[in-house]
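Student: I'm new to this one and would like to learn how to read it. Could we go through it together, feature by feature?

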Amino acid sequence: MFDAQPNRAFSYSLSFHAGQYRLYMYDCAGGVYSRSYDLHESPLPLLRILCATAFAPASWLGMDDTFDCRLHPVITVDATQYFIIAKCFSSSVIRGRATNVWFVAKSIPVGSDPNNIFVVKDSWVNVEHQLSEEQILEALKDVECVPKVKEAWTVQRDGQDDSTSLRRPAAFMSHFQRPCDHRTRRRLVLTPAGRPITHAASPLEVVTCLLDLVIGKEFVFRFDVV
């Protein structure tokens with residue numbers, strides 16, 4: 001579902017078994033669930049769930065208002081809208097960063113202007129990490145083979161940072177005997193945009209890419225970034 005709907009941030013589901021039903025919610029911090037309800041003794045909660053599914057705004061059901069998947073898909077970063085050209089990478093896991101990477105353009109038709117083409121990286125970042133990817137790239141901005149951050153933004157939902165904690169109130173999570181990842185949704189606009197290494201035109205391009213990786217890693221240690 002998440003792979004087929006890149007504009008989905010979380011998902012609800014219902015299970016029925018032996019006259020009981022339970023509501024589940026899944027996102028990049030894992031899954032949580034309600035207690036079991038008897039289908040005959042507690043029909044009202046089920047009716048409320050069904051009504052919410054039928055009439056609630058799409059954003060309440062997990063859809064992302066900042067990602068438009070219509071004829072010409074558009075992704076928003078802060079106040080700027082970018083037209084999606086193609087998917088570069090998509091993570092196959094649900095729990096974790098769930099990274100999606102897109103080739104985008106500020107205007108269409110795209111043309112051949114390199115200043116019109118960028119890469120947008122969309123991921124769920126663990127806020128407990130000491131250094132963010134944006135900070136690392138900013139520290140290495142003068143290294144030639146390292147991409148540059150054009151924009152960085154935390155996706156907003158109902159006027160708040162979109163976070164897995166919004167769907168996990170502390171009182172509710174106190175019933176679970178395990179910690180929960182605290183993740184926020186970040187988008188980076190990076191430049192320049194290049195082809196994935198899997199689409200290299202020659203062995204020389206592959207070797208050049210690997211050399212850039214070695215150089216970049218050397219500067220990471222030299223500047224004591226991590």
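Student: How do the residues of the lining of the second largest pocket divide into nonpolar, polar and charged?

Tutor: The general idea first: Ala, Val, Leu, Ile, Met, Phe, Trp, Tyr, Cys and Pro count as nonpolar, Asp, Glu, Lys and Arg as charged, and the others, Gly among them, as polar. Here, the lining of the second largest pocket has nine nonpolar residues, three polar and one charged. Keep in mind that this is a predicted model, where local features need pLDDT of at least 70 and side-chain atom pairs count only at pLDDT 80 or more, while totals for chains, interfaces and linings use all residues. Residues are numbered from 1 along each chain as its sequence is written, and side-chain values use heavy atoms, with hydrogens and water left out.

Student: What is a pocket, then?

Tutor: On a 1 Å grid over the protein atoms alone, a pocket is an open set of points where a 1.4 Å probe fits, with protein on both sides within 12 Å along at least five of seven lines; lining residues have an atom within 4 Å of a point. Grid points are joined across faces, edges and corners, and the volume is the space filled by probe spheres set on the points. For the second largest pocket that comes to about 280 Å³. Of its 13 lining residues, Tyr 12, Leu 23, Ile 49, Thr 53 and Leu 61 lie nearest the centre.

Student: Which element gives the largest share of that lining?

Tutor: Strand 1, with four residues. Helices (H or I, at least four residues) and strands (E, at least two) are DSSP runs, numbered from the N terminus.

Student: And how much space lies in the largest pocket?

Tutor: About 1,200 Å³. This pocket has 31 lining residues, and Cys 145, Pro 147, Pro 192, Arg 195 and Leu 213 are nearest its centre. By type, 19 are nonpolar, four polar and eight charged. Helix 4 supplies the largest share, seven residues.

Student: In what order do the strands of the open sheet come?

Tutor: Two strands pair if DSSP finds at least two bridges between them. Seven strands form this open sheet, ordered 5-6-7-8-9-13-10, with antiparallel pairing. Strands 5 and 10 are the edges, each pairing on one side only. Six bridges join strand 10 to strand 13, and Val 149 has Leu 190 in strand 13 as its bridge partner.
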